[in-house]
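The following exercises are to be worked with the sequence and the three-dimensional model at hand. Each task is followed by a stepwise solution.

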Amino acid sequence: MRIEARNIVFGYDKSHNILDGVSLAVQSGERVALVGPSGCGKSTLSQILAGNLRPKSGTVFFDDKPLPERGFCPVQLIYQHPEKAINPRWKLGKTLTEAWDPDDDFLSALGIEKAWLNRYPAELSGGEMQRFCIARVLSPQTKFIIADEVSTMLDVVTQAQIWDVLLRVAKERNIGLLAVTHSVELAARICPRLVEFASL
Amino acid sequence: MSKLNRRTVAAVTASAILIIIIAVYVGGALLPNSALEADFSQKGQPPSFAHIFGTDFLGRDMFVRTVKGLSISLVVGAAASVIASIIALVVGVTAAMGRGWVDHAVNWFIDVFMSVPHTVLIILISIALSRGVIGLLIGVAATHWVTLARIIRGEVLQIRSQSYIAASRRFGKSPLFIARNHILPHMIPQFFVGLILLFPHAIMHESGLTFLGFGMPPEQPAVGIILSEAMKYISTGAIWLAFFPGLSLVILVLLIDKLGNTLRFLFDPKEAQL
């Protein structure tokens, strides 16, 4: 099983492309870090890989077939800003179960307290919200995860906790992971394979 | 104005409107219908303790006529604004969720409606439907959904671009689920504010068109009819025939408009500053 982007061309306007013939493949169970400076197009590529944006040309393949348009997408994206990835009017318990119904052990492994399920997003910190974002994408149907700067806004202790859980679950379930970051140090720490965005 | 003050204003205006509505309906039902019948011995009397709004050229009590007239205005206003708001919500959400040709078609339709002066359109619809309450109601409702629909469409497009909507889509949720669970709850404040602001507008149209002779039939004591009839007698000095019914209508309309605008500030302080 693998996810592959072939010759992706994308631009937010007609005259200028920010991705020009980009190709990238990640195998099942593989951990790849995509490294590049801020503003180079990493997040845009992440959105395309997750099926949120349609490229001008080129295709994203999952298992040699185009990424499914309907149903649960096996490629899930964890967003950089958790507060934007959660409906502010929903309690977090509802947000969590929108994707799947994780058990108590799974939640406690991610450091999610049961009392938080009855709270609204505004009542939690960025790190606490990000745990929910991670928990909900780790559904049994998820085969690949794209983690777009998921720990950038967090303190170092929370960063370590989040990456620890994410890497452990990815390994247990043989989930492929593409970690998008501008930090080469973090990339080297969490992934055996580093890909420079400029080389794509 | 502070948020606390706005809450107080909203509570006061809402209470005042409620009192007027109860007074119009409960009081209106208790008032004798005989007061609406002609009594030439009482004709053309200025306001007094016996007839606080005076009497008209047929000796009918103007207070009773005004209360009955307001009850009709309230029913037409409420029904027309509810129908128009529901149309606006359905059309706005459909356009923004459908995008592509659905959005183009709806926008084209909105442009067509906006290009025709809506008073003319209401008159045409009202006449086509043989005037009366139904013609007026459908005329007002069919012409007043467009602005709110455009506002709702814009709001939905903005919410649609949020990451949590993209995430929901990738969790396999259908557009209907997303519209019902993510988008519609965000639309509730806009919907109710839009509905309340349409209410006085619809009442004014009802009265305005009836005044011009395109609305209610003359036998119904609608405020527009009362004002229209009063016009003939104002030159004789009988200003009470137009003053009290007109003032009652203006107070009711201003109160509802004030409530709508205050709620708009309360629900979305940033938007209201624009």
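**Exercise 1. Determine how helix α6 (residues 146-160) of chain B packs against α8(B).**

Solution. Step 1: the two helices pack at an angle of about 155°, and their axes lie 10 Å apart. Axes are lines fitted to C-alpha atoms, for helices over the stretch in contact, and angles run from 0 to 180 degrees between N-to-C directions. The model is a predicted one, in which local features need pLDDT of at least 70, side-chain atom pairs count only at pLDDT 80 or more, and totals for chains, interfaces and linings use all residues. Residues are numbered from 1 along each chain as its sequence is written, while chains are lettered from A and ligands numbered from 1 in the order in which they are written.

Step 1: α6(B) and α8(B) are therefore roughly antiparallel, a term for angles over 145 degrees. Their crossing is right-handed, that is, the near helix is turned clockwise from the far one by less than a right angle.

Step 2: from α6(B), Leu148(B), Ile151(B), Ile152(B), Glu155(B), Val156(B) and Ile159(B) meet Ile183(B), His186(B), Met187(B), Gln190(B) and Gly194(B) of α8(B). Contact requires C-beta atoms, placed from the backbone, within 7 Å. By class, seven of these residues are nonpolar, three polar and one charged.

**Exercise 2. Describe the side of chain B that touches chain A.**

Solution. Step 1: chain B contributes 12 residues to the contact and chain A 16 residues. Step 2: α7 (163-170) and α8 (175-212) of chain B are the elements giving two or more residues to this side. The most come from α7(B), with six residues. Step 3: the side of chain B comprises five nonpolar, six polar and one charged residues.

Conventions
Contact = placed C-beta atoms within 7 Å. Helix = DSSP H or I, 4+ residues; strand = E, 2+ residues; numbered from the N terminus. Nonpolar A, V, L, I, M, F, W, Y, C, P; charged D, E, K, R; others polar. Parallel < 35°, antiparallel > 145°, perpendicular 65-115°, else oblique.
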